[in-house]
Amino acid sequence: MSTKDVPAQRSPAGARPRPIHYISWIALALMTTSSVASLRAAPTMAVYGLACIFLYIVPAIVFLLPTSLVSAELASGWTGGVYNWVSQGLSKPMGFLAVWCQFAMTIFYYPSLLGFVASTLAYVINPDLATSGLWTALVIMVCYWTGVWVSSRGTGSVAGLASGGLIIGTLIPGVVLVTLGAVFLGQGNESAAPMTASNLLPAWAGLSSLVLIVNNFLSYSGMEMNAVHVGSLKEPGKEFPKAMFLSMGLVLLIFILPALAISWVVPADQLSLTAGVMQAFDAMFAQFGSTWLTPIVGIMLVAASLGGMLTWLAGPSKGLLLIARQEGYLPPFLQRLNKHGVQQNILVTQGLVTTVIALGYAFIPDVSSVYWIFSVITTQVYLIVYLLMFVAAVRLRRTQPDHPRGYRAPMLVGLCGVGFAASLAALLIGFVPPSQFGSGSVGTYVAIVAGGALGLGLLVPYLFYRFRKPSWRTEAPAEEVAVS
């Protein structure tokens, strides 16, 4: 459906129609790239060497593409984000579960993000700290609580940090990393990872050899947030798919090339999942006699990560707060706002849980193991959102086929089927310890992952819903406000 098929929005009598500010499909592709691409996951895939290409492309096809096109249809037909999509397609309790999981994934996401910050910052101060669990735990707690303090003051000064972070902490370091890696090989140095055709596919050693692919689903997550811009395209039906394919290509380049560059320089058995990026920079700068650049790059990566954290810190909790006040899903204590209008009680409560989680770094000897476990839990909780979204999209196409949509995804049922199956498979595979953790206790690993993902993603929202009270509802739903 093109924009010609969509009725023009009428303004109240006597008011001029609001002009639509269109953006180009290339601009949308770049916006999508900036919100998805990151160097943080590069060490995770560098472990696989040349096979990282396969491990990035597969989830891009079976997860990133369906998520992008399906969420575009939903965003062009229903406002209110994933809560309204799932509420309309399934039910309000399921909508609450979806918006809760969007928020809950950040509880484990921030410890993993700040774990990367701690390891990177260690290379600025003392590289030996990169393997210290106590150092990592302290950095997580200090950075998070500082972020809560900044966010609770209602400041808008960090709003532009996301775009700046893409350039400072992703594009520039990424280009430098790949360029130095190419020069490293060009000088006749042997790659640490074999670069032959036989290494294009990952070695099969059971399910555990493919578990690291789960982390790529988190790398590609968040596409449903960019889908809200589909209405800003002149011809959504033609331009949105082009924007998504271009952004997929750019994202794949940003993910794959730095991962390959790291695999050229740092052997897989020496690679840290948190400090791998800095290991590669340190080794490359040492090769060219420029180790003084290592701390500078570290500061760039840290600044970008902290900027991203501040930009997103209050976002998911704000969406949860809105639904909780309208439907009474959270107790009044968690609904209170401070004098700046910020949901400080939610942020503080989340911070207490984050602090407890951060202590895991201090008491578990292997920092990489903790980082991986937190990444898996984050991914699994977020995958619940996508499972609900795909089911809701199919039901909405069947129950509300004539509802106006600015964009209709081609073969929607097939896309949702592929996306749902891929998401479910990734969620289940996450319970299998990766091959790098073969020496650890499988039972302990499964218990931690299951307790974190299922407990936080399903049990906690069920308890809130089960024990809710009418007095918890502090605002009338939007539809009731509209008719009152």
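# A chat about a helical chain

Author: In this predicted model, buried residues account for 52% of the 484 residues in the protein chain.

Reader: Let's look at helix packing. At what angle do helix 5 and helix 18 pack, and how far apart are their axes?

Author: Helix 5, which covers residues 92-125, packs against helix 18, residues 442-466, at an angle of about 135°, and their axes are 9 Å apart. The two helices are therefore oblique to each other, and their crossing is right-handed.

Reader: Which residues meet there?

Author: From helix 5 the residues are Pro93, Phe96, Leu97, Trp100, Cys101, Ala104, Ile107 and Phe108, and in helix 18 they meet Gly452, Leu456, Gly457, Leu458, Val460, Pro461, Phe464 and Tyr465. By class, the residues of this contact between helix 5 and helix 18 divide into 14 nonpolar, two polar and no charged.

Reader: What about helix 5 and helix 6, what's the angle there?

Author: Helix 5 and helix 6, the latter being residues 133-152, pack at an angle of about 115°, with their axes 8 Å apart. That makes helix 5 roughly perpendicular to helix 6, and helix 5 passes helix 6 in a right-handed crossing.

Reader: Which residues make that contact?

Author: On the side of helix 5 the contact is made by Tyr110, Pro111, Leu114, Gly115, Val117, Ala118, Leu121, Ala122 and Ile125, and on the side of helix 6 by Trp135, Thr136, Val139, Ile140, Cys143 and Tyr144. The contact of helix 5 with helix 6 has 13 nonpolar residues, two polar ones and no charged ones.

Reader: Changing topic, is Glu73 buried or exposed?

Author: Glu73 lies in helix 3, and because its relative accessible area is 2%, Glu73 is buried.

Reader: So what does Glu73 touch?

Author: Leaving out residues up to four places away in sequence, Glu73 touches Trp78, Arg397, Arg405, Tyr407, Arg408, Ala409 and Leu412.

Reader: And Ala60, where is that found?

Author: Ala60 is found in helix 3, which covers residues 52-77. Ala60 counts as buried because its relative accessibility is 1%.

Reader: Which residues does Ala60 touch?

Author: Not counting residues up to four places away in sequence, Ala60 touches Leu65, Tyr220, Met248 and Leu252. As for distances, the C-alpha atoms of Ala60 and Ser219 are separated by 9.9 Å, while these two residues are 159 residues apart along the chain.

Reader: What separates the C-alpha atoms of Lys318 and Gln343?

Author: Those C-alpha atoms, of Lys318 and Gln343, are separated by 6.9 Å, and the two residues are 25 residues apart along the chain.

Terms used:
Residues are numbered from 1 along each chain as its sequence is written. This is a predicted model: local features need pLDDT of at least 70, side-chain atom pairs count only at pLDDT 80 or more; totals for chains, interfaces and linings use all residues. Side-chain values use heavy atoms; hydrogens and water are left out. Axes are lines fitted to C-alpha atoms, for helices over the stretch in contact, and angles run from 0 to 180 degrees between N-to-C directions. Helices (H or I, at least four residues) and strands (E, at least two) are DSSP runs, numbered from the N terminus. Angles under 35 degrees count as roughly parallel, over 145 as roughly antiparallel, 65 to 115 as roughly perpendicular and the rest as oblique. A crossing is left-handed if the near helix is turned anticlockwise from the far one by less than a right angle, and right-handed if clockwise. Contact means heavy atoms within 4.5 Å. Ala, Val, Leu, Ile, Met, Phe, Trp, Tyr, Cys and Pro count as nonpolar, Asp, Glu, Lys and Arg as charged, and the others, Gly among them, as polar. Buried means under 20% relative accessible area, exposed over 50%, partly exposed in between (1.4 Å probe, protein chains only).
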